[in-house]
Amino acid sequence: MKEDLVELSKSRHDTERLVGYLRTISERSLGGIEVEHIECTKFHHGQSNPTFFVSINGGERHLVLRKKPPPPILPSAHAIEREYQVLCCLFPLGFPVPEPIAFCNESHVLGTPFYLMSFVKGKIYTYSDLRDVDDERGRREIYFEMARVLARLHSIDPSRVGLQQYGRADGYTGRQIDVWNRQFMKSQRDEGQGGAIAVMMRQLCNLLRQHEATMKGRQPPSVSHLAHGDFRLDNLIFDQSTRKVVAVLDWELSTLGDPLCDLAYSCLPYYIPHDAIPQLSMPKNPRPAGIPSIDEYIQVYCHERGIQRPGKADWNFYVSLSLFRLASILAGVRARAQQGNASSDEAAVLASEENISALAGIALRLMGDRGPCFDDYVFHSDTIYMGKSSIEETHLLDKLMTFMRDKVLPVESVLIEHAASDERWSIHPVQEELKVEAKRQGLWNLWIAPDLAEIIDSFLRSIPVSDEERILLGGPRLTNASYAKFAEVMGHSVWASEIFNCSAPDSGNMEVLARYGNITQQKEWLLPLLRGDMRSCFAMTEQNVASSDATNIQSSICFDQRSNEYILNGIKWWISGACDPRCRVAIFMGKTTFNGPVHKQQSMVLVPMPNENIVNIKPLTVFGYDDAPHGHAEMNFKNVRVPKENIILGEGRGFEIAQGRLGPGRLHHCMRLLGMGERAISLCLDRIQERKSFGKMFYEHQLIRADLARCRIDLDAARLVVHNAATALDAVGSKAARSAISIAKVHTPSAVLGVVDRIIQIFGGAGVSDKFPLASIWSAARTLRLADGPDNVHLETIAKMEIRKASL
């Protein structure tokens, strides 16, 4: 225990008053010892109530003093009087707790109430991965002992030890939700209620309440049990030789309630990301040798109590409630740290905004469809198709997966709800907050390939930007083959790409401006696009012609010599992004001449948005989805005037620009589709473990197993096709790789469509509802058989290349 103590440089205790108090209780509580002097040191371990080691007369007697922190504190928190009460009831029973000595409620002694208990010798394991235990058997024994002690606690009849009035047994989980929600809201008074964490916690609270309501109707009334409220490894003292628990500490949250809440809380190390809170977690893949699996741990507990294991949905509820509670506790610690009242320096670090967000994110995923757990997400990174990942790339990919898991997926439902509301054509503030955080973490402009990064870097060096921003805006310079992994991760959520400034049509428009724009155009539009300060759109497709053949377009771009301007006329549709209120520029493709070579008639010009001469006819829907706030507009460009300087590269160069723009962009769509397919499979795996038909679980049905196998085959095959195209794009460029890109563009949407179609069939009616994202994924995959060139155009390209290779 000595390594857990730190000396206080400035003690706030009035030593003389404490000595005086000890003398008054010596006869009845300390065996009549004559208290001459004391030494006080503060325990380094512990975050809630300041706890001190008290040595009397140079070691004649050792005590532990635990006191409330100074105000301000949250109401009902730091209930040390309850701790003392439960110690007094459990110690005579032989349950492993320190012997209670005395409770002092008089503030004149130490400023706040405190109590004294005996000092118990032993070892506290402060890290859940048991890194300081050398042998595998020892680790296993420690975890199983923890499960047995918890089961023993829950087997105690509260009425037998005088705790029958210690709390209400009924409605415990509902009260817990309310209590921790109130605690969180109070801790957020200075933070505001519109931030990402607040949104996540509100959503989680709602989901917990919904599930708790379903439990009321199908579970028998709770039997009264004593719940610890904070049962975890670092609240236990172990005898190092026997590996037995000699004391359970920190009872301030104890009450009568649902014992499975304690069990779930003790299992949090199996769920919390190791990089978020190392003390309260463990590596997941692989788990530290010797530590039992979560199933083994729960089995020991249930066996000791003689009960059945809870079902999956209920278990996820208990774990999510535990995460919600821990997140609320950390929010309170963070609030006290900001006020200068944290119980230790480690408390402020532990209670970071990132950690609170991570906990809420995991809970949201457990409570419903929030995407896969990327801890277990496997990329086939050692195959010849993907090549070896560098250490830097692996680290960046881990950061992206963590960001997706902890920040993007948890707020999806909030963004979806906003996109279906009357305010759907506005931007939810969480979306912009996440962009700021993504920038801060260096997860920005990931799509920019090395050759394009050189061009952008040259531009940024010519204008007044800092070196730090120049490096950020140029992205990490991932090859297309490397970026495929990142795009696949982002593909799990339709909202993700924009958050990392990797979304269409902005990425394609930025590439156009970087490769073909002049310095003036780049300053006005490329720079704010690189920064994510505005959005853009691309106006090419027309309703009255087959726009898959760009030579068919009929919109005109006429030069007016008198005003030195171009005048644009034409009706465009499927202008993705034009409905976004942040859209500030459109790239308009039309004809500057209707004569001459057919591939030299088209030009592209930059049109500032919004524009009074552009009539927004209507937002279009894709299989009923309007994709707000991004949207797909039909617009009438009627005598729209733009300066001559807004033409890109020159007249007659539009077709050339379009071909250069579409190559990487087509492939980016395919990369993201792989992520959509993986998410669909993840949803399917959850579904088949929860549903039963005709006396068997879904996963036991041969046809469902066969469909699942076909899904994996098709998706992995599509991944190889995509990465083959990405590798070719890196090696020989867009033009020479056009056959491989076309193969990917044809194969990937069809493959993902097949995957999603099978999974929708497994889901039944739920698969076509808005309860799950399967219908929207299907819609996106089906649309991509048309977007950026329909299948037939790409099939024609592939066939031509094959014929050319055969010299036919």
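A: Arg-679 and Glu-412 join their side chains in a salt bridge, at 2.8 Å from N to O; the term means a side-chain nitrogen of Lys or Arg within 4 Å of a carboxyl oxygen of Asp or Glu. This is a predicted model, where local features need pLDDT of at least 70 and side-chain atom pairs count only at pLDDT 80 or more, while totals for chains, interfaces and linings use all residues. Residues are numbered from 1 along each chain as its sequence is written, and side-chain values use heavy atoms, with hydrogens and water left out.

Back to the pair: Arg-679 sits in helix 21 (residues 654–690) and Glu-412 in helix 13 (residues 412–419), so the bridge ties together parts 267 residues apart in sequence. Helices here are DSSP runs (H or I, at least four residues), numbered from the N terminus. Arg-679 is buried, at 2% relative accessibility, and Glu-412 is buried too, at 6%. Buried means under 20% relative accessible area, exposed over 50%, and partly exposed in between (1.4 Å probe, protein chains only).

Now for Glu-145 and Arg-148, whose salt bridge spans 3.6 Å, N to O. They are three residues apart in helix 4 (residues 136–154), so about one helical turn separates them. Glu-145 is buried at 7%, whereas Arg-148 is partly exposed at 29%.

Asp-791 and Arg-785 also meet in a salt bridge, at 2.6 Å, N to O. Here Asp-791 is buried at 7% and Arg-785 is partly exposed at 28%. Elsewhere, salt bridges with shared partners link Glu-432, Lys-435, Glu-498, Asp-506, Arg-535, Asp-580 and Arg-582 into one network. The structure has 53 salt bridges.

Note on methods. Helices (H or I, at least four residues) and strands (E, at least two) are DSSP runs, numbered from the N terminus.
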